[in-house]
Amino acid sequence: MREFSTDLDQVGGHYALVAARFTRSITEQLVAGAERALIGHGIDADNIHCVWVPGAFEIPLACQRLTQIRHITGARYNAIIALGAVIRGQTPHFDYVAGECARGIARVSLDSGVPVIFGVLTTDTREQAERRADPGAGDKGGAAARAALEMAGLPIPKLID
């Protein structure tokens with residue numbers, strides 16, 4: 001059996017973060033973790049762009065638009081990282097927002113062929129979200145960035161060229 005994997009420090013490229021403003025204090029931590037992870041694996045800070053949207057429900061459309069444009073250098077984004085938090089409340093609103101956000105992100109990724117990473121926290125409490133977002137603790141933003149690098153560098157196209 002032949003196995004293929006990605007050397008995260010050899011990927012390079014351009015990355016977009018799509019961040020939900022509704023839970024801004026949490027999302028800012030996710031963004032910080034993602035940015036730190038990308039830079040730590042050799043991505044130039046100038047090749048990382050962050051687009052803020054009102055909330056998690058709006059993330060898929062922003063991701064879709066980013067798959068359709070070229071970065072200012074003429075290159076397409078190698079991957080897009082969706083970041084935010086949907087915290088359960090006392091109404092079914094959580095289920096609709098979280099479900100449609102996840103479904104939309106998956107659809108954009110599959111339709112475009114661009115890796116779109118689901119870094120949106122879905123938690124029962126704000127405290128859970130804060131722990132998972134904290135770059136010094138859960139660092140889910142960093143984990144999402146590493147997933148983006150891995151998917152962007154996946155050598156599958158080299159197998160079929």
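Biologist: Helices here are DSSP runs of H or I with at least four residues, strands are E runs of at least two, and both are numbered from the N terminus. On that basis, where is the place of Asp-139?

Modeller: The model is predicted, and in it Asp-139 sits in the loop between H4 and H5.

Biologist: What is its phi, and is Asp-139 buried or exposed?

Modeller: Phi of Asp-139 is near 45°, a positive value in a residue other than glycine. Most residues other than glycine have a negative phi. Asp-139 has a relative accessible area of 10%, and it is therefore buried, the cut-off being under 20%.

Biologist: Moving on to H5 itself, how do the axes of H1 and H5 cross?

Modeller: The two axes come within 6 Å, with a crossing angle of roughly 45°. That angle makes H1 oblique to H5. The crossing of H1 and H5 is right-handed.

Biologist: Which residues of H1 and H5 meet there?

Modeller: H1 contributes Leu-30, Gly-33, Ala-34, Ala-37 and Leu-38, and these meet Lys-140, Gly-141, Gly-142, Ala-145, Arg-146 and Leu-149 of H5. By class, the contact between H1 and H5 has 6 nonpolar, 3 polar and 2 charged residues.

Biologist: Leu-38 is in that list. What else does Leu-38 touch?

Modeller: Not counting residues up to four places away in sequence, Leu-38 touches Tyr-15, Leu-17, Ile-43, Ile-48, Ile-81, Ala-145 and Leu-149.

Biologist: Now the largest nonpolar core: which residues touch the most other members?

Modeller: That core has 24 residues, and those touching the most other members are Tyr-15, Leu-17, Ile-26, Leu-38, Ile-81, Leu-83 and Leu-121. Two or more residues come from each of strand S1 (15–20), helix H1 (24–40), strand S3 (79–87), strand S4 (116–123), helix H4 (126–133) and helix H5 (140–152). H1 supplies the largest share of this core, 6 residues. Another core, of 22 residues, lies apart from it, and includes Val-18, Val-53, Ala-56 and Ala-82.

Biologist: One more topic. Where is His-41 found, and what is it in contact with?

Modeller: His-41 lies in the loop between H1 and strand S2 (48–53). Leaving aside neighbours within four places in sequence, His-41 is in contact with Leu-8, Asp-9, Arg-146 and Leu-149.

Biologist: How far apart are His-41 and Asp-7?

Modeller: They are 34 residues apart in sequence, and their C-alpha atoms are 9.5 Å apart in space.

Note on methods. Residues numbered from 1 in each chain as written. Predicted model: local features only at pLDDT ≥ 70, side-chain atom pairs only at ≥ 80, totals over all residues. Heavy atoms only, no water. Core = buried A, V, L, I, M, F, W, Y, C linked by side-chain atoms within 4.5 Å. Buried < 20%, exposed > 50% of the residue type's maximum accessible area, 1.4 Å probe, protein only. Contact = heavy atoms within 4.5 Å. Axes fitted to C-alpha atoms, helices over the stretch in contact; angles between N-to-C directions. Parallel < 35°, antiparallel > 145°, perpendicular 65-115°, else oblique. Left-handed = near helix turned anticlockwise from the far one by under 90°. Nonpolar A, V, L, I, M, F, W, Y, C, P; charged D, E, K, R; others polar.
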